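Please study the sequence and the structure shown below.

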Amino acid sequence: MSSFLVGGVTVEFDDFTPTIMQRNIICNTIHSLLTQKNVLIESPEGSDRAFLIISAALSFQQYNKVIHVEPPMQIDTPTGNFSEKTISTNSKDTFQIIVICRTNEDISKLVHRANKLKYKPKTLILQNIYESCLNSQVKSADNPLFWCSSLCSMGECHFSQNSLNIENIQNFDIEEIKSACIENMQCPYKLEKENVQNADIIFCTAETFFFSSEIERLGINKDRNILIFEDLANIESILLNRLSLTMKSKDLDIFITNFSEENALNKLLTKLKAILVDHAAEIGASDMECDAFSINQIFDEINFEETEWANLKLLLDDIYTNNMTKDLIPYSNFSDLFHLISSLTMAKTNPDPFLFDIYPSPNPGEDYFVLRSLSISPFFRSFTKTAHSIIFTANVLTPMDSLQRSLGVNFDLSFSGIHPFINDQNFAAFAVNFTNDNVPLSSISENKESVYISLGKLIESQYQNIPDGVVLYADNFFDLLQVWRKNNFTKKIKKYKPIFHQKQGEKYIDEYTYSISVGNGGLLLTSDIDDILNLTGKQLRCLFFFGIPRCDDRLAFLKKKFDQNLYPTENSLDYSEMNGLRNAYECADAIISQNGDFGCVLFIDPRFSILIDSAPKWIRQCSSKITTQSVLTRQIKQLFQNNIEPEETFQLSVDRRALFVCASCEGQILTSTRITTIETFENDKSGFLEIINENGPKSVLPVSNKFSRTIHCNQDQIQWKEEDGIGYSPLICSECGKIVGAQVTIANSENENSLDEIWLVCDRIIAKDPPKKAQSFSQSIQKKSQTASQSPSKSQQKVKKQTPIPKGQTLIDWSNYVIE
């Protein structure tokens with residue numbers, strides 16, 4: 001057990017001793033909580049930051065259960081100390097910890113990690129009714145709240161009859177909770193209501209926290225909460241898209257009909273319908289696709305009194321209550337209505353970021369508007385302004401000043417940690433800023449074709465220096481691929497590694513990772529950030545990150561104009577590019593995920609040369625600004641030479657016998673007799689390339705025997721080329737059935753049915769010392785011919801039974817035997 005004291009708060013762990021960097025994360029968290037300040041914590045993958053922050057928050061929660069009125073304190077950290085006056089707390093104060101995550105999968109990981117904590121907290125996972133309800137009748141209903149209330153009141157929902165205490169499901173994840181509730185005939189939704197006030201820590205997704213009614217419905221006291229936002233660096237993008245409400249003219253008609261007796265609401269909806277129809281007609285007549293109107297203009301046309309606006313929110317709360325007892329409108333429609341009224345009410349107090357985007361349609365009832373908020377700060381502040389402390393954490397938060405401005409919340413404290421596995425020996429970040437053929441490598445250049453050609457030349461120049469898997473990120477790799485094919489770059493690159501991309505089908509990622517696993521390497525072209533974040537180790541030795549990702553949709557356009565008006569003196573990236581920049585840094589983080597990993601990232605865009613100075617600390621410490629290709633080549637070569645250990649090889653020599661097996665599954669392919677001569681041959685390779693179905697150079701082992709041997713093989717198994725007297729036969733793995741190479745036989749000049757020499761043309765074949773009683777070379781060929789007509793399963797069984805495969809595989813040194 002380890003423990004240490006931070007400002008009077010004891011943080012304990014059962015079987016975990018934090019490193020210096022991890023202690024800094026804990027100290028910054030405790031400092032935030034003791035001084036009631038907000039903190040940004042940037043710490044890369046592998047630092048265990050969420051576990052550490054939750055541990056510190058729970059320790060503070062325990063500390064706060066005792067009366068504390070502290071004098072000014074000094075907190076010693078591994079990197080210094082600071083003095084602050086603590087807040088005064090008393091035993092009546094209670095702090096609930098709410099952890100807001102991206103997905104339910106993230107929540108499950110954190111809940112299981114809580115088992116490692118010294119304190120065993122009462123945990124609760126908060127979900128909306130669609131996610132948590134087990135009653136199929138309720139889940140399939142348009143208005144689940146109404147049906148839930150109705151079935152429970154009539155005693156017809158069996159899940160609602162029993163109670164399951166939160167202590168019985170300690171540290172259960174979402175699926176385990178559902179299983180326990182099914183077993184005990186307990187309702188997870190009811191479980192939330194009965195145990196929410198007793199929970200020490202509550203987990204929920206950002207969707208549930210911001211856009212469901214669960215927080216208010218369950219009576220969670222936001223005034224005293226500790227809010228931990230975990231791995232939500234792209235929160236601005238998430239909220240901006242989620243806050244954009246689309247509503248058609250026919251949707252307004254439904255609301256007007258359903259709420260005909262509610263005068264204020266009916267009046268508002270009727271006016272909105274008239275505004276939409278009138279402006280849509282004007283826009284359509286001018287042949288415009290859409291037009292944006294300020295929210296103040298819409299308010300002027302609605303012409304509501306202040307008292308009418310004040311009563312709308314109260315009216316909506318009443319409607320919500322009535323909708324649970326009367327099946328008025330579907331739940332999804334009610335959510336849209338609630339969203340509309342809430343946004344309009346918020347816009348009355350802060351109108352600047354809100355606007356109406358109106359789109360006409362030739363079809364009746366299909367005109368629609370999009371109510372947009374071009375800033376998330378009013379919305380974010382409304383949920384967090386009364387929190388005790390906000391702890392915002394992710395792998396990458398840089399640039400932090402931009403994030404603070406977007407959220408509209410002041411973060412007095414910030415911390416950027418170092419990477420637990422990265423150093424200048426195993427990782428390098430290159431900000432590439434040079435030209436090929438006088439063409440700048442810029443993703444925002446108008447001459448796209450020239451830039452793509454220049455990028456192809458750069459990758460071609462480095463490809464031979466990089467082992468295993470290489471990934472190229474480009475916003476529009478389809479256009480890039482067409483240019484490369486036109487200029488033969490794909491053909492040149494395929495000489496060294498196969499190319500994979502989305503156009504090859506749904507399994508392109510699986511095919512890429514398989515190619516890496518069998519030692520063939522590969523180049524993955526992608527425009528999907530998630531493709532990169534899911535790769536590890538050999539799959540991501542080098543990342544070419546071309547350009548800064550951004551969205552070119554309507555929202556990004558309007559948001560950029562809004563920010564330029566708000567901050568006219570700044571010439572920085574727009575919100576979409578800021579999010580893309582963080583994505584680029586996070587992809588670089590994926591290169592080193594554990595001890596033993598190594599690799600590099602090339603940030604290819606002139607803007608990176610400026611931005612790299614403000615990148616996360618662990619990237620800055622290993623970064624270089626590259627202005628010439630020769631310097632880049634030298635540094636990449638040096639990086640991989642320092643980290644690649646030479647593979648143990650099976651040295652083929654005269655009079656040595658070898659067993660050849662499949663590199664994927666170790667199924668037997670051939671057993672050779674003693675090798676009597678080793679020579680290099682050159683010959684037309686078109687025949688066997690047709691068999692093994694792959695271009696590029698092939699490793700070749702020529703085996704010459706003293707005496708010619710008779711061939712016993714079905715003609716279907718050998719393709720003879722009459723003009724040169726050579727036969728080509730596929731080498732098939734006896735276990736997995738895959739073609740792993742080709743067998744090339746040269747006919748005797750006197751007898752075309754006798755064999756003079758054999759070449760083994762290999763993709764990735766492993767050589768081993770064979771067992772003492774291994775088959776002779778000729779017996780192996782004869783055995784293959786005898787089983788050629790049998791089913792693969794029988795052939796596999798016979799070979800496997802006669803020749804057990806020894807352990808200790810090694811790779812063949814093929815360096816001297818290559819057909820170019």
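Glutamate 308 is buried, with a relative accessible area of 19% (buried means under 20%, exposed over 50%, partly exposed in between, with a 1.4 Å probe and protein chains only). This is a predicted model, in which local features need pLDDT of at least 70 and side-chain atom pairs pLDDT 80 or more, while totals for chains, interfaces and linings use all residues. Residues are numbered from 1 along each chain, and side-chain values use heavy atoms, without hydrogens and water.

**Salt bridges**
- Glutamate 308 meets lysine 267 in a salt bridge of 3.1 Å, N to O (a side-chain nitrogen of Lys or Arg within 4 Å of a carboxyl oxygen of Asp or Glu).
- Lysine 267 lies in helix α13 and glutamate 308 in helix α15, 41 residues apart (helices are DSSP runs of H or I with at least four residues, strands runs of E with at least two, numbered from the N terminus).
- At 32% relative accessibility, lysine 267 is partly exposed.
- By this rule, the count is 20 salt bridges.
- Lysine 248 and glutamate 366 form a salt bridge at 2.9 Å, N to O.
- Lysine 248 belongs to strand β10 and glutamate 366 to the loop between β12 and β13, so the pair ties together parts 118 residues apart in sequence.

**The sheet**
- Seven strands form an open sheet with parallel pairing, in the order β7-β8-β6-β9-β14-β3-β15 (two strands pair if DSSP finds at least two bridges between them).
- Because β7 and β15 stand at the edges with a single partner strand each, one side of each is left without a neighbour in the sheet.
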